[in-house]
Structures are given as C-alpha cells and as structure tokens.
Amino acid sequence: MARILITSAIPYINGIKHLGNLVGSQLPADLFARYNRARGHEVLFLCATDEHGTPAELAAAKTGEPVDEYCARMWGVQKELSDGFGLSFDKFGRSSSPQNHALTQHFAGKLAEAGLIEEVTESQVYSNADGRFLPDRYIEGTCPNCGYDRARGDQCENCTKQLDPTDLIEPRSAISGSTELEVRETKHLYLKQRSLRKELSDWIDTKTDWPILTTSIARKWLNDGDGLQDRGITRDLDWGIPVKKGDQDWPGMEGKVFYVWFDAPIEYIACAKEWSDERGAPDAEWERWWRTDKGADDVRYVQFMGKDNVPFHTLSFPATIIGSGEPWKLVDYIKSFNYLNYDGGQFSTSQGRGVFMDQALEILPADYWRWWLLSHAPESSDSEFTWENFQSSVNKDLADVLGNFVSRVTKFCRSKFGEGVPAGGAWGAEEEALIARLTEGLAAYERHMEAIEVRKAAAELRALWVAGNEYLQSAAPWAAYKEDPERAAAVVRLALNLIRVYAVLSAPFIPDAAARMLSSMNTLDTEWPGDMRAALEALPAGHAFTVPDVLFRKISDEERADWETRFAGTR
RNA sequence: GGGCCUGUAGCUCAAUUGGUUAGAGCAGAGCGCUCAUAACGCUUUGGUUGGGGGUUCGAGUCCCUCCGGGCCUACCA
C-alpha cells in the first residue's frame with residue numbers, strides 16, 4: 001500500500017469559480033484521489049481557499065463586509081460547491097488559518113536564518129484617498145505610447161506595451177479614481193531565489209517524466225533573461241499574515257503582511273495540520289505526510305494546477321522549502337493543465353460568460369459535468385466547451401452506453417427472473433472472451449490513471465462500458481431465454497455483476513451514479529476487480545437487487561438551446 | 001519584442017518518442033437486434049497530418065521558413 005499526498009491549487013476566495021478553474025486543478029485531483037483510495041492506497045487529499053491580497057479586500061469592501069467575515073462567508077460558499085461536485089478533500093482549509101499564520105512565519109524565520117531574506121527599500125505608488133499602496137494593476141492612466149486612456153500600471157491593454165506606473169500620464173487609482181497619488185518609499189522582504197537557482201535547476205532536470213508544459217515553464221523562469229529573480233514576499237496591506245520571524249517581531253516590518261504567493265503554498269502544509277488539529281490528533285499525524293524525518297520519505301506527493309500556477313509551484317514554493325534547510329517533503333509530480341475555453345472565447349467572470357460552479361449544479365447533477373470535463377480535460381492544449389459537444393457526449397456516453405446498459409440488464413432480469421440474481425447455467429466461450437477483454441481494458445485503464453492521463457483513462461473506461469453492450473448483443477439472453485432459460489440466467493447473472501464492477505471502476509469519474517448503481521445492486525462490496533473472473537461472481541445467485549431509476553436522463557435540444565442563450569454572457 | 005505550447009477526418013482527440021497501409025469516439029450512410037433511456041451491435045464513407053522547403057533507407061514525429069490559434073513575460077491571483 002502506497003501513501004499518496006495530493007494537493008489541488010487553492011482557489012482564490014474572491015467569487016465563484018467557473019468550470020475552467022474546476023477542470024484545471026480540483027476535479028482531476030479528485031479523480032486521482034478517488035482512484036488511489038479505490039486501489040487501497042492511503043491518500044491525503046488537501047485543498048483550501050486562498051484568502052489574502054488586494055482583490056479580497058476590494059471584494060469585501062464592495063459588499064460592505066469586514067474582510068475576515070467576507071472570507072469566512074465565501075469559504076462556506078466554496079465549500080458547499082466543492083461538496084456539490086463531490087470533491088473528496090480530506091480537508092478543505094483556509095490560508096488565513098492560525099496554522100498557516102504560524103507556519104508561514106516559521107518559514108520566513110528559517111529563511112532569514114539561512115541568509116536567504118534581503119530587506120529592500122523601494123518606491124511604490126500610494127493613494128491617499130484609498131489609504132493604501134496600489135499594486136501596479138490598480139493604477140490607471142493614459143498610455144505614453146499610444147494614448148489609450150485606460151492603460152494599467154503594468155501594461156497597456158491597447159498597445160500591449162509594458163509599463164511602469166510612473167510612466168502613466170495623469171495616473172489615477174483604479175479603485176476610487178482618485179488622482180491624489182504619491183510615490184512613497186517602503187521596505188520589503190525579498191526571497192533570494194537567485195542563490196537557489198542552481199539547486200532548483202538541477203532538481204527540475206531530474207523531473208524527466210513531468211508534463212512538458214510544467215518543465216518548459218519552469219525552465220523559462222530559470223533561464224530567461226538574467227535568470228531566476230529574487231522575489232518580494234511582503235506587501236503593505238492590512239489583510240494577511242503579519243510579517244514575523246518565527247514568533248519574533250521583525251523590526252522595520254511592522255504593519256506589513258506576507259505576499260499571498262508566499263503564504264498560499266505553505267497552506268498546503270498548514271492545511272494538513274488543520275486536518276489533524278480539528279480531530280485533536282497529535283502533530284505526528286500530519287507530519288508523517290510532510291516531514292521526511294518523520295515518516296514522509298515514502299510519500300508520493302502529486303500537485304494539480306492550471307498552467308498559470310506552474311512557476312510558483314516549480315520554483316518559488318520549492319525555494320521556500322529547500323531554503324528552510326528543514327526536511328519538508330518536496331513535490332514528486334506536477335500535473336498541469338491548459339485552459340478550458342467557452343464556446344469560441346474565454347470564460348469571463350466580469351461578463352458572466354460561461355458556466356460557473358453554482359449555475360452548473362442548478363441545471364444538472366455533478367456527474368454530468370465531471371464526466372464531460374474530465375473526458376475533455378485540457379491536457380495537451382487548450383480545449384473548448386460547447387453545448388453541442390456537451391450534449392452529445394453526455395447523452396451518448398452516460399445515458400446510452402452506461403445508463404442504458406444498467407437499465408436493459410436489470411429490467412430484462414426483472415421481467416424474466418425477478419429482482420434477484422438468477423441461478424443456473426454456465427459460462428462458455430463468450431464469457432471467456434469478455435473476461436479477457438475486460439482484464440486487458442482494465443490494465444490499460446490502470447496504466448492511464450497511474451500516469452494521470454485523464455482523457456485516455458476516460459476513453460478506456462468508456463470502452464469497458466461498450467464491451468458490456470457488445471457482450472449482451474452477442475450473448476443475446478432474450479433469444480436464449482426462449483430455448484434455454486438456464487443459459488440466459490448465466491448471462492444475466494454475469495451482466496448484473498458487471499454493473500457492480502462498472503460502479504467500482506467508474507466511481508472516480510462519476511461517484512454519485514456509481515453509488516446509485518451499487519445501491520440498486522444492493523451491495524457494499526467496492527473491491528477493485530483485480531481478478532475479473534472472481535469479480536464477476538461477487539453477487540451470488542439469489543442475491544436481491546432493485547431496478548434503479550434512469551441513471552442519466554438525456555439533455556434535450558430545447559434545454560441545450562436555452563442554456564446556450566442563458567450563459568452567453570452580459571446577462 | 002522575446003520565449004513556450006499548439007495546428008491530424010465535418011467535430012473532439014490518438015499515434016508505443018524516426019519505423020509497415022495515420023487510428024478511436026461523435027456526426028453521416030447501410031445492415032442487424034428487439035432486453036433497454038427510439039437505446040444496443042455490426043459494417044462503412046471520410047485525411048496531400050496548416051502551406052512550402054530540407055535531413056533520412058524511412059517524417060504526423062527532426063531542421064528551416066511562412067500562416068493560424070493560445071499562453072507566459074515576475075506587483076492580478
């Protein structure tokens with residue numbers, strides 16, 4: 001039994017995430033977690049909300065709530081939605097937790113002891129009206145290059161020129177519109193990533209099995225231009241983790257907080273402590289997942305994220321861990337994803353374009369979304385959601401191939417033998433062929449799952465469902481029943497058992513439907529079919545079952561047309 | 001500007017890393033079945049692998065070039 005630590009990129013607290021965010025990290029991470037649990041491995045699957053930073057403060061100001069209350073409320077919203085999608089986190093934590101405060105400060109202290117922190121005095125734009133320093137993106141003005149009057153302080157969206165906030169003509173706050181801006185000096189801590197460059201580079205070079213998307217982004221940041229740069233890890237904000245050196249004050253850094261990108265990955269670790277603390281367990285409980293000196297040396301740690309997160313997970317966070325000089329677990333495999341587009345464009349939160357997690361669950365059960373998103377995961381390049389594709393895939397795969405299989409088997413059995421597994425008859429050549437086919441397909445499915453080839457795993461699972469229909473067609477129990485009811489009984493007995501096997505194999509993708517299949521088969525046996533022959537005899541003759549309701553109703557053309565309009569944006 | 005990824009059947013994607021005749025699913029066509037959610041099964045049409053050039057006994061795969069799509073470029077997270 002292996003031990004597998006899985007983390008999904010932690011979603012920002014600000015607002016409800018869309019399907020593109022979901023398929024880029026949390027959903028495939030859940031698939032992998034469920035699969036490994038089903039294989040009997042010990043899994044710790046962690047996620048959390050990423051709560052600090054300017055956007056959270058502004059979002060809270062907009063609703064009139066104190067930022068801590070806003071975050072607590074939004075954590076609840078996101079938790080409910082992740083439950084709704086069946087995301088099986090062992091702990092869904094918060095980056096604002098006391099555990100993360102302590103651990104983030106601890107890491108900063110260790111990095112300082114190691115001489116990897118530098119204090120830098122720099123100039124930043126301060127807005128008197130807003131009473132805060134403004135990140136470059138929150139300063140607007142006229143572009144000196146093209147004259148566009150809504151250029152941002154980091155870049156002009158019109159002419160794409162890189163800018164410095166002081167380049168802008170008539171700069172103003174993007175928050176309040178105030179032009180009362182001034183440049184103030186402020187002191188910040190920098191993580192000296194440059195001195196860890198060689199170590200990080202060597203480490204990345206050993207990761208020959210990582211997706212090319214992951215390593216190429218890491219190498220670019222390591223080698224581009226002057227190479228890996230030191231990184232500011234503090235900000236002048238109220239909402240965040242106060243800058244401390246361990247539990248000691250940090251002279252000169254009063255009133256400052258750590259930058260979200262410093263504390264957010266540390267929450268992966270702190271979340272494990274949240275998980276054990278809430279059960280009153282000792283620290284050893286979470287440390288055996290994270291400390292290689294306390295049992296984590298045999299843990300395989302896998303991270304899931306969208307490509308925009310890769311630099312922080314391949315370089316910044318490892319720099320924090322390596323730089324601490326302490327034996328923390330480093331990531332073993334990073335699975336990164338491209339973006340999911342929506343019907344010819346991007347998902348857009350501001351324009352309400354595309355399907356968001358809450359809306360998705362309002363119109364269809366989670367399994368529909370899970371299946372489509374995972375079977376179309378943007379692994380090799382950006383992929384695209386269209387309603388037409390969604391409707392046809394889901395109707396065909398889930399309703400026709402899997403759902404109808406369950407339906408035809410259970411209803412045929414009920415009408416000929418009653419609602420119990422029928423006795424009699426024997427297996428012949430067709431059953432042997434099916435067992436061989438399923439055994440072979442299952443091996444491929446396992447290979448793809450272990451390689452985290454999500455789309456390939458989905459295709460193989462579907463092929464296993466198809467094999468059941470092929471078998472029924474050739475064994476034709478409805479024909480056999482007329483001449484040789486015992487033969488029909490043997491076929492139906494196998495087919496009913498196949499429903500249980502499908503439930504077990506499909507559960508990582510479609511957990512709710514899998515649970516209903518097991519429930520209608522009246523069994524709690526979720527044993528992985530390592531021996532397919534034995535697995536197809538798990539439900540013995542005489543075992544009672546019930547005919548389930550339709551597993552997946554089909555999406556009609558009317559619904560599709562309706563949703564197409566509804567989610568087109570700018571409602 | 002620089003870098004990276006990507007372009008394969010009408011659509012969504014494969015192709016064991018340079019090796020026989022480029023394969024699946026959906027959609028289309030034909031046939032079969034009648035247990036089933038008008039579901040299932042079988043057969044089948046469909047490709048100058050974005051264009052051009054090169055290396056090689058051999059290129060979807062490697063190199064050059066052009067065209068299209070996307071991402072990143074460090075203070076949004």
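A nonpolar core, as I use the term today, is a set of buried Ala, Val, Leu, Ile, Met, Phe, Trp, Tyr and Cys residues joined through side-chain atoms within 4.5 Å. What I am showing is a predicted model, so please take every value as computed from a prediction.

I'll start with the core. The largest one has 156 residues, and the members that touch the most others are Leu 19, Trp 290, Trp 369, Trp 387, Phe 390 and Phe 509. At least three residues of this core come from each of domain 1 (3-104 + 259-363) and domain 2 (387-535). As a general point, nonpolar side chains in soluble globular proteins tend to be buried together.

Which of its residues are buried? They are Thr 54, Ala 56, Glu 57, Ala 59 and Ala 60. Helix 3 (67-84) and strand 5 (132-133) are among the elements that cover them. Just after helix 2 comes Gly 64, with a positive phi of about 80°.

Next, the aromatics. Over the whole structure, the search gives 32 aromatic pairs. One of them is Phe 385 with Phe 390: the ring centres are 5.4 Å apart and the planes are at 40°, so this pair is classed as tilted. Both of these Phe residues are buried. Another pair is Trp 387 with Phe 567, where the centres are 5.8 Å apart and the planes are at 20°, so that pair is stacked. Trp 387 is in helix 12 (residues 387-417), while Phe 567 is in the segment after helix 19 (557-566), so the pair ties together parts that are 180 residues apart in sequence. Trp 387 has 1% relative accessibility and counts as buried. Phe 567, at 0%, counts as buried too.

These four residues belong to one aromatic cluster, along with Tyr 342, Trp 369, Trp 372 and Trp 563. What does Phe 390 contact, leaving aside its neighbours within four places in sequence? The list is Leu 364, Tyr 368, Trp 369, Trp 372, Phe 385 and Ile 555.

The charged end of Arg 184 sits over the ring of Tyr 126, 3.6 Å from the ring centre. Arg 235 lies over the face of Tyr 259, also at 3.6 Å from the centre.

Now the two domains. The assignment for chain A gives domain 1 (3-104 + 259-363) and domain 2 (387-535). Their centres, taken over C-alpha atoms, are separated by 35 Å. Domain 1 puts 15 residues into the contact and domain 2 puts in 12 residues. Between them the domains bury about 1400 Å², with 70% of that on carbon and sulfur atoms. On the domain 1 side, Leu 31, Tyr 35 and Arg 39 supply 42% of the area buried against domain 2, more than any other three residues.

Last, a single residue, Ser 25. It is placed in helix 1 (residues 19-38). Is Ser 25 buried or exposed? At 7% relative accessibility, Ser 25 counts as buried, because the cut-off for buried is under 20%. Beyond its neighbours within four places in sequence, Ser 25 is in contact with Ser 8, Ala 9, Phe 304 and Met 305. The C-alpha atoms of Ser 25 and Ser 336 are separated by 7.7 Å, although the two residues are 311 apart along the chain.

Terms used: Residues are numbered from 1 along each chain as its sequence is written. Chains are lettered from A and ligands numbered from 1 in the order in which they are written. Side-chain values use heavy atoms; hydrogens and water are left out. Rings of Phe, Tyr and Trp (its six-membered ring) pair if their centres lie within 6.5 Å; planes under 30 degrees apart count as stacked, over 60 as edge-to-face and the rest as tilted. Buried means under 20% relative accessible area, exposed over 50%, partly exposed in between (1.4 Å probe, protein chains only). Helices (H or I, at least four residues) and strands (E, at least two) are DSSP runs, numbered from the N terminus. A charge sits over a ring if NZ of Lys or CZ of Arg is within 6 Å of the ring centre and within 35 degrees of the ring normal. Domain bounds come from an automatic or database domain assignment. Contact means heavy atoms within 4.5 Å. Buried area is the accessible area (1.4 Å probe) that two parts lose on being put together, summed over both.
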